[in-house]
Amino acid sequence: MKLSAIAITAAMLCMQTTTTDAFTIPTAHRASFKAAARTPQVSSQFHSIKLYSSSSSSSSSNTDQQVKADDEIERLQSMAAKLRAEASALEADRAQELAKAAENAFQKFDTNKDGEVTFDELKAGLEKVLKTELPEKRVRKLMEDFDVSGDGALQLDEFVGMDKFRNKLEALAREEKKQALDAAKEAQLAAEKAVLAQAKLELINDQAPSGKDKILSVLPYLFPLMDSLQFGRFLVMENQDNPLVIALALLYTLYRSIPFSGFVSFLVLNVLSGNPGLNRLVRFNMQQAIFLDIALFFPGLLAAVFTLVLGGAGVQIPPGVTELGSDVIFGTLLVAVAYCTVSSLLGVTPNKLPLISKAVEDRTLSADMFDDVGTFIPRDQRKNDDDKDDKKKDDK
C-alpha cells in the first residue's frame, strides 16, 4: 500500500505540472520514491507517465508551428494581391498612354480632318514618320489587316498607333522577303529541271523531228510493204500498167535480190531502233514496221492451216475466196502504211494502230521514261505515279 501511495503521489505531481521543468520530486520524498521506483509495478507506471508528458509537449510544439505557417501564408497572399493590383494599375496607365499616342498620331495622319485615315493619308503619314518610301502593296496589306469595318479607311478605333504599324510593316517585309526567296528557289529548281529535261531530250533525241527525220521515218515501212506483196499479187497482176505498180515491182525485185533480205531488214531495223541518237519518231516507226511485218505472219499461217485441214477433209477452197482474203490483207496493210506515212510526214507519231502501237510505245525510249536523276521508270510505275499526282491535284 505504501508503494502504491508513492506511485499515485508521483503521478499526481506530474499531472499538476504544465511543463517538463516543473516536474521535480520534493526532497523529503526522494528516498521513498527511488525505492518504490525500483519495483516492477511502479517502474511500469512511471514509464507511462513519462510518455504522456512527452506527447503533450510535442503536440503543443506542432500547434505553434502550424499557426506560424498559416500567418506566413496569409502574409504572402496579401503581398501577391497588392502586387497584382499595382500591375493592373500600371497596365491601365500604359493602355491610356498608348490610346493617347494613337489618337495624336491619328490626328496627324488625318490631314483633311474628316475623321478617318484613307490609304493615301496612311501611306504619306507612315513614310513621313519612318522616313522611307513604302511599297503600295505593303501599305495596302496593312490597311486590309487593320480596317475591321472594311470601308477602305481607318477610323479612330481602328487606328493602333505607330508601334503596331511599325511591327506589322516589319512582319510584312519579312514575309515578302521569304516569299521572294521561295520564288527564287522555285525558279532555280525549275531552271535546273528544264536543263535536265533538255539534256534528257538531247540524250535520247526526243525533240521535235526535223524535215530529214520525217522523211527518214517513212522508209522503214517499205519492209512490211515488200513482204505484203505476196498477198497483193492478184491486185498487182490486174494493174501491171500502173506506174506505182511498176515502181513497186522494181523495189520488190531489188529487195528479193538480197540474200535473206527479210531477216537482214529485221536485224537492221531492230538494232537501229535502239539507237538513242536517232529521233524518236524514226525509232518508233522502225519498231512499228517490225511489228507490222510480224503481223503478216499470222494470216499466212492461218491460211496454211485451213488449207491443210480442209484439204485433208477433201474440201477444196474456191480460188475466189483465196483471192479475196489476200486482197483484204494487202489492202489493210496499205491503209496502215498510208496512215503511218502521212502522220510521220506531218511530224506526228502514228500511234493509233490497234494493239500494235501500244506495244511499240512500251519499247520505244522517251524522256518520260526517266526520272529527274535519269533513272529508268517502268511504264506501270509511271502510270501509278501519274494517278497519284492526279489524285493530289483533285484533293487540292
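The model is predicted, so local features need pLDDT of at least 70 and side-chain atom pairs count only at pLDDT 80 or more, while totals for chains, interfaces and linings use all residues. Residues are numbered from 1 along each chain as its sequence is written, and side-chain values use heavy atoms, with hydrogens and water left out.

**Overall picture**

Let's start with the whole chain. Its secondary structure comes to 16 helices and 0 strands. Here helices (H or I, at least four residues) and strands (E, at least two) are DSSP runs, numbered from the N terminus. Of the 396 residues in the protein chain, 26% are buried. Buried means under 20% relative accessible area, exposed means over 50%, and partly exposed is in between, using a 1.4 Å probe and protein chains only. Among contacts between residues at least 6 apart in sequence, 63% join residues at least 24 apart; a contact means heavy atoms within 4.5 Å.

**Salt bridges**

Side chains of opposite charge can pair when their charged atoms come close. A search of the whole structure finds 9 salt bridges, each being a side-chain nitrogen of Lys or Arg within 4 Å of a carboxyl oxygen of Asp or Glu.

| Glutamate 72 | Arginine 75 | 2.5 Å |

Glutamate 72 and arginine 75 are 3 residues apart in helix α3 (residues 40–109), so about one helical turn separates them. Glutamate 72 is partly exposed at 35% relative accessibility, and arginine 75 is also partly exposed, at 42%.

Glutamate 127 and lysine 123 share helix α4 (residues 119–130), where they sit 4 residues apart, about one turn of the helix. Lysine 123 is buried, with a relative accessible area of 14%.

Aspartate 227 lies in helix α8 (residues 222–227) and arginine 256 in helix α10 (residues 243–256), so the pair ties together parts that are 29 residues apart in sequence. Arginine 256 is partly exposed, with a relative accessible area of 44%.

Salt bridges also link Lys141, Asp145 and Lys168 in a network.

**A closer look at aspartate 227**

Is aspartate 227 buried or exposed? Its relative accessibility is 13%, so aspartate 227 counts as buried. Not counting residues up to four places away in sequence, aspartate 227 touches Tyr255, Arg256, Asp293 and Leu296.

**Helices α7 and α14**

How do the axes of helix α7 and helix α14 cross? The axes of α7 (residues 211–218) and α14 (residues 319–345) come within 8 Å and cross at roughly 170 degrees. That makes α7 roughly antiparallel to α14. The contact is made by Lys214, Ile215, Ser217 and Val218 of α7, together with Thr341, Ser344 and Leu345 of α14. By class, this contact has 3 nonpolar, 3 polar and 1 charged residues.

On the terms used here, axes are lines fitted to C-alpha atoms, for helices over the stretch in contact, and angles run from 0 to 180 degrees between N-to-C directions. Angles under 35 degrees count as roughly parallel, over 145 as roughly antiparallel, 65 to 115 as roughly perpendicular and the rest as oblique. Ala, Val, Leu, Ile, Met, Phe, Trp, Tyr, Cys and Pro count as nonpolar, Asp, Glu, Lys and Arg as charged, and the others, Gly among them, as polar.

Helix α14 also holds serine 326. Serine 326 is buried, with a relative accessible area of 7%. Leaving aside neighbours within four places in sequence, serine 326 is in contact with Phe231 and Phe234.

**Two loop residues with positive phi**

Lysine 113 lies in the loop between α3 and α4. Phi of lysine 113 is near 55 degrees, a positive value in a residue other than glycine. Lysine 113 is exposed, with a relative accessible area of 55%.

Leucine 355 belongs to the loop between α14 and α15 (356–363). Phi of leucine 355 is near 65 degrees, again a positive value in a residue other than glycine. Leucine 355 is exposed too, with a relative accessible area of 79%.
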